[in-house]
Amino acid sequence: METTVKTSVDQALSLINDSVRTLKPYHLTPETRSVKLNQNENPYDWDRNIKERAAAFFTERPWNRYPDFVPDSLKARLAAYVGATPDGIIVGNGSNEMLLVLMLSFAAKAKSVIICSPTFSVYRLLRDGMGTRPIDLSLTSDLQYDIPAVKKASAENPGAMLIICSPNNPVGNTVSEADLRDILNAHTGVCVLDQAYVEFGGFNAISLISEYKNLIIARTFSKAMAAAGLRLGYMIGAPEIIGEINKIKLPYNINFFTEHAASTILDNASTAEKSVAAIINERDRLYDDLKAMPFDDIYPSAANFILIRTRHKQKLFDHLKKCDILVRDVSSYHLLENCLRFSVGTPDENNLLRASLKSFFEQI
Ligand SMILES: *Cc1c(COP(=O)(O)O)cnc(C)c1O
């Protein structure tokens, strides 16, 4: 049977916001290797008995009923964990959803969003997708925050949204408390501080929230808490501000399995803390060992990954794949030509990485 096309694909495509059509999609090649050092995940999975405790709840809980309207008990536990009050916390489907909620809450009024590159690419994706005016600053040549440049952009664009990531992905650099205060003392817009990696290092800015009501801190269960598959992120801010932002968040954005599994994780937070201590120790050892290898650059990191630069980038990436190791190629980022990012794995995984790097540098 013939169907007549009433609206063509081109016509339908032309209806999509230009800001969305011009986006380059967030892309990760769906590849894997047995040693997976490309997504900064915690290499230590949760014990089976802890998973089974959460799964038992999942089996008993009626699936036909909605989850809690407000996950109060999870928020209370999170608040106690981070040292905030429950009304100063908002939870979401990964911190990426929280970033979207921030854009919906602030971007139109802020008019412009300041991002310091290289940094987490989702900021740019959301900002540009919203059609908000971009203000792109650069890190310094040694990949540190350029504080005078941030202050200048902030002064020239009153009310602009500023996004700072500390520890910053994919570099590992941080902003110090003194520098953050210096920025916040003059900044009139909202300042989003993404601390997805703060458990691994850098300064914990929670205490600044009571002083700076325009500061919002984003955190996640995807890295230190070893729960990337759950999709749980949260933000901490002044209760008055979080209360308003809550209105634009989708109802029931946390499914009951995530809610319950996250509570189980918080009950066992000391297990995650032990793995974080081990990862920090491994990171520092790995950094020292990599420093002795003939990379063109290696950057100090306060997170669970290490950024390196080598003129043999592609050959090394392929060699590691042959050794069954997948790392992240970040060479297309601003200032990161020839750079690769290695997530810190278990001691065995890191040893395989060391050995594979050694064999690579011996053969070239
Ligand atoms: C991994 C990461 C996140 C985590 O995002 P989720 O949506 O919570 O998984 C957030 N910010 C940065 C900078 C990251 O690298």
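Where is Tyr252 found? Tyr252 is in the loop between helix H9 (239-245) and helix H10 (256-267); point 5 returns to this residue.

1. Basis. The model is predicted, and local features need pLDDT of at least 70, side-chain atom pairs count only at pLDDT 80 or more, while totals for chains, interfaces and linings use all residues. Residues are numbered from 1 along each chain as its sequence is written, and side-chain values use heavy atoms, with hydrogens and water left out. Helices (H or I, at least four residues) and strands (E, at least two) are DSSP runs, numbered from the N terminus.

2. Sheet. Seven strands make up an open sheet of mixed pairing, in the order E2-E8-E7-E6-E5-E3-E4. Two strands are taken as paired if DSSP finds at least two bridges between them. Strand E2 (89-92) and strand E4 (133-138) are at the edges with a single partner strand each, so one side of each has no neighbour in the sheet. On average, neighbouring strands of this sheet are turned by 20 degrees against each other, direction ignored. Axes here are lines fitted to C-alpha atoms, for helices over the stretch in contact, and angles run from 0 to 180 degrees between N-to-C directions.

3. E5, E6 and the packing of H6. Strand E5 (residues 161-165) runs parallel to strand E6 (residues 191-194), and four bridges join them. Ile164 has Leu193 as its bridge partner in E6. Helix H6 (residues 121-130) packs on the sheet and touches strand E3 (112-117), E4, E5 and E6; contact means heavy atoms within 4.5 Å. The direction of H6 makes about 155 degrees with that of E4.

4. Cis peptide bonds. Ser117 and Pro118 are joined by a cis peptide bond, with omega about 0 degrees. Pro118 is in the loop between E3 and H6. Another cis peptide bond joins Ser166 and Pro167, with omega about -5 degrees. Pro167 belongs to the loop between E5 and helix H8 (177-186).

5. Tyr252 is not a glycine, yet has a positive phi of about 60 degrees. Its relative accessible area is 33%, which makes Tyr252 partly exposed; buried means under 20%, exposed over 50%, and partly exposed in between (1.4 Å probe, protein chains only). Asp324, also not a glycine, has a positive phi of about 70 degrees. Asp324 lies in the loop between helix H12 (313-322) and strand E11 (325-329), and at 30% relative accessibility counts as partly exposed.

6. Ala277. This residue lies in helix H11 (residues 269-291). Ala277 is partly exposed, at 45% relative accessible area. Ala277 and Ala224 are 53 residues apart in sequence, and their C-alpha atoms are 9.8 Å apart in space.
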